[in-house]
Amino acid sequence: MSLLENEAVEVTEEDRTELQSHFPYAGVKLSELSVQEERLILFYLKGMSKAAAGRAAGYRNQDSVYEVFKRPAIIKAVDYLRSEMREE
């Protein structure tokens with residue numbers, strides 16, 4: 001049973017802008033991540049698995065999704081945003 005069975009998860013330009021506003025605090029440069037990588041992070045943080053977030057962000061190869069999650073900039077961004085979510 002999927003957690004997202006009855007609701008679609010979307011990522012808007014506003015979501016991306018908010019994500020980018022956190023980059024300096026996470027130690028990530030604005031130009032370090034592609035739009036696709038930003039969307040991947042947003043879908044993942046909205047509760048999707050890495051594989052599902054990869055599909056939603058437009059990745060065709062799941063192996064490449066797991067490689068993206070190993071990149072230092074992605075790790076820093078996800079770790080920082082998770083800690084921010086815990087504080088709220």
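An axis is a line fitted to C-alpha atoms, for a helix over the stretch in contact, and angles run from 0 to 180 degrees between N-to-C directions. The model you're looking at is predicted, with local features needing pLDDT of at least 70 and side-chain atom pairs counting only at pLDDT 80 or more, while totals for chains, interfaces and linings use all residues. Residues are numbered from 1 along each chain as its sequence is written, and side-chain values use heavy atoms, leaving out hydrogens and water.

Now take H1 and H5. Their axes are 10 Å apart and they pack at an angle of about 100 degrees. That makes H1 and H5 roughly perpendicular to each other (angles of 65 to 115 degrees count that way, under 35 is roughly parallel, over 145 roughly antiparallel, and the rest oblique). On the H1 side, Leu 19, His 22, Tyr 25 and Ala 26 meet Lys 76, Ala 77, Tyr 80 and Leu 81 of H5, where contact means heavy atoms within 4.5 Å. By class, this contact of H1 with H5 has six nonpolar residues, one polar and one charged. Here Ala, Val, Leu, Ile, Met, Phe, Trp, Tyr, Cys and Pro count as nonpolar, Asp, Glu, Lys and Arg as charged, and the others, Gly among them, as polar.

Next, look at helix H2 (residues 35-45) and helix H3 (residues 50-57), which pack at about 135 degrees with their axes 8 Å apart. H2 and H3 are therefore oblique to each other. Gln 36, Arg 39, Leu 40, Phe 43 and Tyr 44 of H2 make the contact with Lys 50, Ala 53, Gly 54, Ala 56 and Ala 57 of H3. Sorted by class, those residues are six nonpolar, two polar and two charged.

Which residues of H3 are buried? They are Ala 51, Ala 52, Ala 53, Gly 54 and Ala 57. Buried means under 20% relative accessible area, exposed means over 50%, and partly exposed is in between (1.4 Å probe, protein chains only). Their cover includes H2 and helix H4 (62-68).

Let's zoom in on Tyr 44, in helix H2. Tyr 44 counts as buried because its relative accessibility is 16%. Neighbours within four places in sequence aside, Tyr 44 is in contact with Ser 49, Lys 50, Ala 53, Phe 69, Val 78 and Arg 82. Arg 82 is in helix H5, and at 35% relative accessibility it counts as partly exposed.

Another arginine to find is Arg 16, in helix H1 (residues 13-26). Its relative accessibility is 12%, so Arg 16 counts as buried. Residues up to four places away not counted, it touches Val 11, Val 35, Glu 38, Arg 39 and Leu 42.

Finally, the largest nonpolar core has 27 residues, of which Val 28, Leu 33, Leu 40, Ile 41, Phe 43 and Ile 74 touch the most other members. Such a core is a set of buried Ala, Val, Leu, Ile, Met, Phe, Trp, Tyr and Cys residues joined through side-chain atoms within 4.5 Å. H1, H2, H3, H4 and helix H5 (72-87) are the elements that give two or more residues to this core.

Notes
Helix = DSSP H or I, 4+ residues; strand = E, 2+ residues; numbered from the N terminus.
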